[in-house]
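Hi,

Here is the structure I promised to pass on. Have a look at it first, and my notes on its salt bridges follow below.

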Amino acid sequence: MPETHGRRRAALRRLLTEAGVDALLVTDLLNIRYLTGFTGSNAAVLLHADGDGKTLFCTDGRYTTQSAAEVPDLDKVVDRASAAALVAKAAKDPKTYGRVGFESQHVSVEDYEALKQDVDLTRTPGLVEQLRLVKDEAEIDALRQACAAADRALDDLVAAGGLRPGRTELEVARDLENRMLEHGSSEPSFASIVAAGAHSAIPHHRPTHAELKRGDFVKMDFGATVDGYHSDMTRTFVLGEPADWQREVYDLVHAAQAAGVDAVVPGAEVSEVDATARKVIADAGHGEHFAHGLGHGVGLQIHEAPSFAATGVGTLSAGMAVTVEPGVYLAGRGGVRIEDTLVVRAGEPELLTLSTKNLVVV
């Protein structure tokens with residue numbers, strides 16, 4: 001998608017002008033992928049404020065063929081020490097490259113000390129991430145496909161009787177991940193969580209050889225990856241008939257999640273979105289049992305800005321992709337989390353994860 005990547009670089013150039021630099025040294029591989037389409041493990045970009053004609057892409061000889069295909073529209077430099085090679089180019093032509101910014105949040109102190117020997121680098125943290133907050137339609141389509149792969153995998157798992165007493169958490173997790181691969185995922189977005197019984201009260205429980213039992217909560221948090229973009233979804237079920245306390249907790253979390261989703265509108269303060277859902281749980285006397293943020297941005301990383309939390313800063317804009325995932329966790333008994341991935345739109349958000357929220361799995 002050279003045109004898409006070109007538009008992203010053009011948008012970034014406007015931020016370079018505002019930051020007062022003539023060029024930006026981009027070293028974070030996800031940011032490089034966002035700006036160029038390159039998916040290899042070693043690269044750097046020296047993006048010039050004047051345009052692609054002065055912008056350089058560098059990788060090493062392992063990726064000569066790959067970079068020619070993935071980055072057909074930028075001049076190439078071949079060097080294993082990609083960032084240093086581009087800084088050296090800038091040092092040899094100070095009239096062209098002038099003041100060079102760098103991604104200070106991604107560069108180690110040691111690397112900075114080495115790079116600044118040749119060029120006076122200016123800290124410019126978070127410029128590409130600022131662009132990545134709002135997804136373009138190509139990104140949203142990838143997210144939509146990733147969510148669909150996860151949805152279909154869960155549907156298949158349930159239809160095949162994959163959630164049944166006697167299976168272990170690990171067996172269910174591996175089964176779910178394999179089904180996501182069958183439906184187009186390149187890899188799981190993260191290590192899948194399958195938590196049965198009392199383990200469901202642990203927000204980030206790692207699957208074990210513990211067996212699923214009738215009457216247990218089973219909490220599953222998982223996601224698929226398509227074209228580098230991640231989905232994120234949590235569903236909680238009961239195997240068989242739920243007890244009254246289980247239905248009560250589930251209905252409470254379901255109501256809190258619905259309130260949170262309704263609050264996801266352009267212009268909303270991220271802290272207020274968190275507060276809206278959290279109030280539902282607190283008013284029911286379970287505030288202390290919801291100890292994490294309401295959600296987060298999602299894209300090339302499974303956790304991106306913005307952050308739905310009491311300490312979150314910023315407002316929502318149309319095109320942001322976020323999760324809404326309240327939970328109530330009762331230690332020693334069980335817990336519930338319900339999570340969806342959605343896109344902020346004018347009016348109501350676009351829901352990307354569509355799997356059932358029915359509590360009971362027979």
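Let's start with Glu350 and Arg345, whose side chains form a salt bridge at 2.8 Å, N to O. By salt bridge I mean a side-chain nitrogen of Lys or Arg within 4 Å of a carboxyl oxygen of Asp or Glu. Glu350 is partly exposed at 22% relative accessible area, and Arg345 is partly exposed too, at 22%. (Buried is under 20% relative accessible area, exposed is over 50%, and partly exposed is in between, using a 1.4 Å probe and protein chains only.) Both residues belong to a salt-bridge network that also links Glu137, Asp141 and Arg144.

A quick word on the source: this is a predicted model, where local features need pLDDT of at least 70, side-chain atom pairs count only at pLDDT 80 or more, and totals for chains, interfaces and linings use all residues. Residues are numbered from 1 along each chain as its sequence is written, and side-chain values use heavy atoms, leaving out hydrogens and water.

In total there are 24 salt bridges. One of them joins Asp60 and Arg80, with the closest N and O atoms 4.0 Å apart. Asp60 sits in the loop between strand S3 (56–59) and helix H3 (64–70), and Arg80 in the loop between strand S4 (75–78) and helix H4 (82–92), so the pair ties together parts 20 residues apart in sequence. Helices (H or I, at least four residues) and strands (E, at least two) are DSSP runs, numbered from the N terminus. Asp60 is buried at 3%, whereas Arg80 is exposed at 56%.

Glu241 and Arg247 also pair up, at 4.0 Å, N to O. Here Glu241 is exposed, at 65%, and Arg247 is partly exposed, at 36%.

Cheers
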